Amino acid sequence: MEDISDAAARAARDLRVVFSRLRRRIREVAQDADLTPSQESALSLVGKHGAATASALAAAERVRPQSMATTLAALEQHGLISRTPDPDDGRRQLVTLTDAGRARVEGNRQVREEWLARAFQDRYSDGERQTILAALELMQRLSRP
């Protein structure tokens, strides 16, 4: 890292730490005691991308198919997902959210957004929020290919 300035290295390190802590805190806000973090993650993934096979979900979550099968079985027991035969390949099943699963995903999303908006409202002045918005606009460059 000899051609990287100290300021750039510090910004990278500090940003990673802050984002990790914020991501963990946001997850805690809507964490339901009856689901594990991996179950919450899989449920959110199905909610975000729609019908998917267990193997596609395992690949997306970077877990073994057996681990995903266990996770999906628990979600099915909670009545949050259902499985139906894949119309393109009857040997596979598609995982979708039930109405209860959809309500839970949407409820969690809303709780997280409300918590974050309230935190911005309560912890920062209007000027600070404008600075954060300007910084986020600059940060958009990092998310582009």
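Visitor: How far apart do the centres of the positive and negative side chains lie in the chain?
Guide: This is a predicted model, where local features need pLDDT of at least 70, side-chain atom pairs count only at pLDDT 80 or more, and totals for chains, interfaces and linings use all residues. Side-chain values use heavy atoms, with hydrogens and water left out, and residues are numbered from 1 along each chain as its sequence is written. Lys and Arg count as positive, Asp and Glu as negative, leaving out His and the chain ends, and each charge is placed at NZ of Lys, CZ of Arg, CG of Asp or CD of Glu. With 23 positive and 21 negative side chains, the two centres lie apart by 3 Å.

Visitor: Which residue forms a salt bridge with Asp34?
Guide: A salt bridge here puts a side-chain nitrogen of Lys or Arg within 4 Å of a carboxyl oxygen of Asp or Glu. Asp34 sits in the loop between H1 and helix H2 (37-49), and its partner is 70 residues away in helix H5 (residues 99-123); helices are DSSP runs of H or I, at least four residues, numbered from the N terminus. The closest N and O atoms are 2.6 Å apart, and the partner is Arg104.

Visitor: Is Arg104 buried or exposed?
Guide: Buried means under 20% relative accessible area, exposed over 50%, and partly exposed in between (1.4 Å probe, protein chains only). Asp34 has 40% and counts as partly exposed. Arg104 has 18%, so Arg104 is buried.

Definitions and conventions. Helix = DSSP H or I, 4+ residues; strand = E, 2+ residues; numbered from the N terminus.
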